[in-house]
Amino acid sequence: MCGIIGYLGNHEATPLLLDGLKSLEYRGYDSAGIAVLDRTSGLTSTTKSESKVALLTARLQDCMPKGRLGIGHTRWATHGKPSLVNAHPHTDCGGRIVVVHNGIIENFRELRDELVSRGHIFVSETDSEVIPHLIEDASGEDLLTAVRGALKRITGAYALGIMSRDEPDLLIGARMNAPLVLGMCQDEFFLASDITAVIPHTKKVLILGEGEIVAVTPMGPEVTTLDGAPVAPKIIHVDWDVSQAQKGGFSHFMLKEIHEAPDAVANALRGRLLPDGNVNLQGCDLTDADLRGFQNVLLLGMGTSMHAALVGEHVIEDWAGIPAQAADASEFRYRRPTIGPETLTVVLTQSGETADTIVGLRQAKALGSYTMAVTNVVASTAARDSDAALYLNAGPEIGVASSKTFVSHVVNLYLLAARLASAHGRMPIERKQELSQALRELPEGLRAVLGREAEIADLARRYARFRNFLFVGRGINHAIALEGALKLKEISYVHAEGTSAGALKHGPIALLDQDFPVVAICTDGATRDKMASNVHEVAARGAPVLALVTQGEHHLDDVTTDRIEIPACDEAAVAILNTVVLQLFAYHVAVELGRDVDQPRNLAKSVTVE
Ligand code: G6P
């Protein structure tokens with residue numbers, strides 16, 4: 001999962017490539033590099049850094065290579081450790097052909113052995129380096145023909161930016177199971193792993209399809225298949241603006257994105273929640289008869305999206321009365337699932353590119369299931385490969401740890417569950433109206449919770465000294481507890497576990513003592529009293545308890561160490577308020593500990609390898 005960028009135009013490429021890499025850094029930041037071709041001298045200048053783009057920028061400060069064609073890369077290491085020698089771009093033996101790659105070449109060992117036996121010299125440990133050598137191997141052919149030949153020999157995933165000293169007016173992009181777009185201006189072109197890197201320059205974006213190659217010259221792009229057959233370019237107009245992709249005055253993208261939760265909810269509901277309480281899933285509405293045809297629902301996702309799937313599992317079963325099952329996509333693909341046309345498969349993925357999730361989606365589709373992607377990225381792989389796409393419309397999410405898109409995923413699942421429930425005749429009109437009112441009031445409730453950030457930050461600072469946390473909840477809030485724990489561990493590197501409160505006494509309670517706090521979600525709901533008993537149990541073991549309680553409720557005052565009051569509302573809406581409180585808590589613990597909140601170590605936003 002790396003970020004790649006390419007530029008061909010009338011301006012100096014170096015600063016534009018660096019800007020692009022900066023915005024793609026969420027995809028990986030183990031190393032960075034650019035190569036720029038100077039037409040006058042006919043030479044390529046390559047600069048790399050063994051860490052983030054900032055170091056690369058510093059290295060280029062005093063001596064910006066000249067040239068109007070260039071490619072760049074920010075790496076998340078898969079084959080070969082993070083190092084200067086493994087940093088992209090990579091070249092052929094002669095240094096003529098330069099390549100940046102995102103993805104994994106599965107047959108690189110065989111190819112490398114074969115190329116080495118023919119005299120090619122490799123300098124890195126990466127799988128990517130076979131690509132320029134394969135292209136070089138087809139010497140005598142023009143670059144585009146040689147690229148096609150090379151790609152036909154590769155199995156695996158790739159998004160590529162390629163240029164050659166011999167063809168200084170040509171930038172080539174290619175993709176297979178990894179994202180790639182081309183931003184198109186009047187007389188300049190930006191190849192990029194995603195839209196975030198091109199929107200500062202243009203909103204006109206060419207989305208490259210699987211197995212397609214784009215050859216960009218000053219005359220414009222030409223898209224073909226690997227066999228050279230012309231393909232009509234798929235061009236879309238993106239309506240994200242540049243400021244959406246910037247921090248907007250917050251100290252981190254993640255904090256800004258947490259504060260965007262009310263907008264994320266409003267955008268999820270817009271046009272979908274009708275005034276009468278009915279739901280219209282714009283863009284992917286199925287008829288009532290279609291929906292009644294589904295006898296069960298499978299929800300797939302990874303990480304935070306998997307936790308959203310768990311919420312979906314709960315509400316679909318509860319409201320629509322049909323079996324629902326959330327599955328970790330990376331495990332699902334190795335099972336022998338008994339699904340078919342009677343199964344609605346809902347694939348949850350913010351990026352739309354998570355490899356495990358995409359494979360699960362394709363597997364479900366192959367088994368005859370109807371597939372629906374719930375994703376934030378228009379024309380992403382998940383969106384294109386599914387029968388229907390439900391877009392989050394949450395705007396770009398830059399912080400590696402998902403926040404607003406989790407909220408949006410959950411709201412979209414509520415809408416889907418309500419739609420299924422209506423079609424199956426299982427949601428009484430009163431419940432429909434109650435739920436729709438709760439969802440409409442949710443942005444206001446979220447603003448109220450966000451307005452109490454100082455209080456949450458204060459608690460977080462006090463709790464930041466603990467090295468272990470247990471998050472507990474029941475029902476929907478079991479999934480929220482899992483997500484609260486994940487948020488804390490991924491950005492603060494503090495050990496945190498989530499569990500159902502009922503499971504506490506079957507093991508986790510053994511961990512507890514005065515140095516092992518419990519974050520207990522005790523807001524009102526069907527299991528309020530059971531939760532209260534569980535809190536008593538942990539308090540009796542001396543563990544500090546930080547409880548989320550419904551505003552005005554005091555039944556746990558005696559047994560809890562600290563409380564955060566949550567406005568009273570429908571259980572479904574409360575789960576989202578609880579989520580945002582736990583996001584703020586994790587954020588402020590991480591800040592207190594001096595962590596790199598937006599780019600936590602070892603993680604990446606979009607994991608496009610399995
Ligand atoms: C990575 C990110 C997580 C994210 C997960 C799934 O692990 O670090 O924040 O939840 O991928 O991403 P997706 O784009 O499929 O929702």
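**Entry 1: the largest cavity.** How much space lies in the largest cavity? I looked it up in this predicted model and found about 260 Å³. My reason for checking is simple: rolling a probe the size of a water molecule over the atoms shows where empty space is left. I noted a count of four cavities of 30 Å³ or more.

Next I asked what surrounds that space. The largest cavity has 25 lining residues, and I marked Tyr-26, Asp-194, Ile-195, Ser-351 and Val-377 as those nearest its centre. I sorted this lining by class and got twelve nonpolar, six polar and seven charged residues. I also checked the domains: domain 1 (3-246) and domain 2 (255-449) each give at least three residues to the lining of the largest cavity.

**Entry 2: the second largest cavity.** Here I found about 60 Å³ of space. Its lining includes His-73, His-79, His-88 and His-101, and I also wrote down Cys-2, Trp-76 and Asp-127 among the lining residues. By class, I listed two nonpolar, eight polar and two charged residues for the second largest cavity.

**Entry 3: a pair of helices.** Two packed helices are described by the angle between their axes and the distance between the axes. I looked up both for helix 13 (residues 404-423) and helix 14 (residues 429-450): the angle is about 165 degrees, and the axes lie 12 Å apart. An angle over 145 counts as roughly antiparallel, so I put helix 13 and helix 14 down as roughly antiparallel to each other. Last, I noted that the crossing of helix 13 and helix 14 is left-handed.

Technical notes. Residues are numbered from 1 along each chain as its sequence is written. This is a predicted model: local features need pLDDT of at least 70, side-chain atom pairs count only at pLDDT 80 or more; totals for chains, interfaces and linings use all residues. Side-chain values use heavy atoms; hydrogens and water are left out. On a 1 Å grid over the protein atoms alone, a cavity is a set of points where a 1.4 Å probe fits but cannot get out, and a pocket is an open set with protein on both sides within 12 Å along at least five of seven lines; lining residues have an atom within 4 Å of a point. Grid points are joined across faces, edges and corners, and a volume is the space filled by probe spheres set on the points. Ala, Val, Leu, Ile, Met, Phe, Trp, Tyr, Cys and Pro count as nonpolar, Asp, Glu, Lys and Arg as charged, and the others, Gly among them, as polar. Domain bounds come from an automatic or database domain assignment. Axes are lines fitted to C-alpha atoms, for helices over the stretch in contact, and angles run from 0 to 180 degrees between N-to-C directions. Helices (H or I, at least four residues) and strands (E, at least two) are DSSP runs, numbered from the N terminus. Angles under 35 degrees count as roughly parallel, over 145 as roughly antiparallel, 65 to 115 as roughly perpendicular and the rest as oblique. A crossing is left-handed if the near helix is turned anticlockwise from the far one by less than a right angle, and right-handed if clockwise.
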